[in-house]
Amino acid sequence: MGKYAKKTKYSKEEILVLEYDGGEKLEVGIMGGFEVNGHMYVALEKLKGDGIYLYRYTESDGAFQLEDIPDEDYEAVEKEFHAIMNVE
């Protein structure tokens, strides 16, 4: 996955439902993924309202896992995301 832009419409395959502790659910579209320091990350766009979420992405045996980005890596991940999005 390379450069991408905010989208207004996602295909069925590009939509995920995140489930948080406490039962809250959030529908997001997969904007794309990128690599920083040997780890893969994914940018997810909130479908209703504004919001972009960044997560570490791992895949094993055809299943994927989203993980919170460690604090020590977040600044580099955010910087790369902004570079991809051409945000000053």
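This is a predicted model: local features need pLDDT of at least 70, side-chain atom pairs count only at pLDDT 80 or more; totals for chains, interfaces and linings use all residues.
Asn37 counts as exposed, because its relative accessibility is 67% and the cut-off for exposed is over 50%. Asn37 has a positive phi of about 50°, although it is not a glycine. I looked up where Asn37 sits and found it in the loop between β2 and β3. The strands β2 and β3 form a hairpin with two residues between them, and Asn37 takes its positive phi there.

The protein averages a pLDDT of 88, and 89% of the residues score at least 70. Among the elements, I noted strand β3 (residues 39–46) with the highest mean pLDDT, 94. Strand β5 (residues 63–67) has the lowest, 91.

**Entry: the sheet**

In what order do the five strands lie in the open sheet? I read off β1-β2-β3-β4-β5, with antiparallel pairing. The edge strands are β1 (15–19) and β5, and each of them pairs on one side only. On average, neighbouring strands of this sheet are turned by 50° against each other, direction ignored.

**Entry: β1 next to β2**

I followed β1 into β2 and found them paired in the antiparallel sense over five bridges.

Leu16 and Leu18 make up the covered face, while Ile15, Val17 and Glu19 belong to the uncovered one.

**Entry: β2 next to β3**

How many bridges join strand β2 (residues 25–36) to β3? I found eight, and the two strands run antiparallel. I picked out two pairs to find on screen. Gly32 stands opposite Ala43 in β3, and Gly33 stands opposite Val42 in β3.

**Entry: the helix**

Which strands does helix α1 (residues 71–85) lie across? My answer is β2, β3 and β4 (52–60). The helix runs at about 90° to β2.

**Entry: another positive phi**

I came back to the loops for Asp61. Like my opening residue, Asp61 is not a glycine, yet it has a positive phi, here of about 55°. Asp61 is found in the loop between β4 and β5. Is Asp61 buried or exposed? Its relative accessible area is 81%, so Asp61 is exposed.

Key: Residues are numbered from 1 along each chain as its sequence is written. Side-chain values use heavy atoms; hydrogens and water are left out. pLDDT is the predictor's confidence in each residue, from 0 to 100. Helices (H or I, at least four residues) and strands (E, at least two) are DSSP runs, numbered from the N terminus. Two strands pair if DSSP finds at least two bridges between them. Axes are lines fitted to C-alpha atoms, for helices over the stretch in contact, and angles run from 0 to 180 degrees between N-to-C directions. Contact means heavy atoms within 4.5 Å. Buried means under 20% relative accessible area, exposed over 50%, partly exposed in between (1.4 Å probe, protein chains only).
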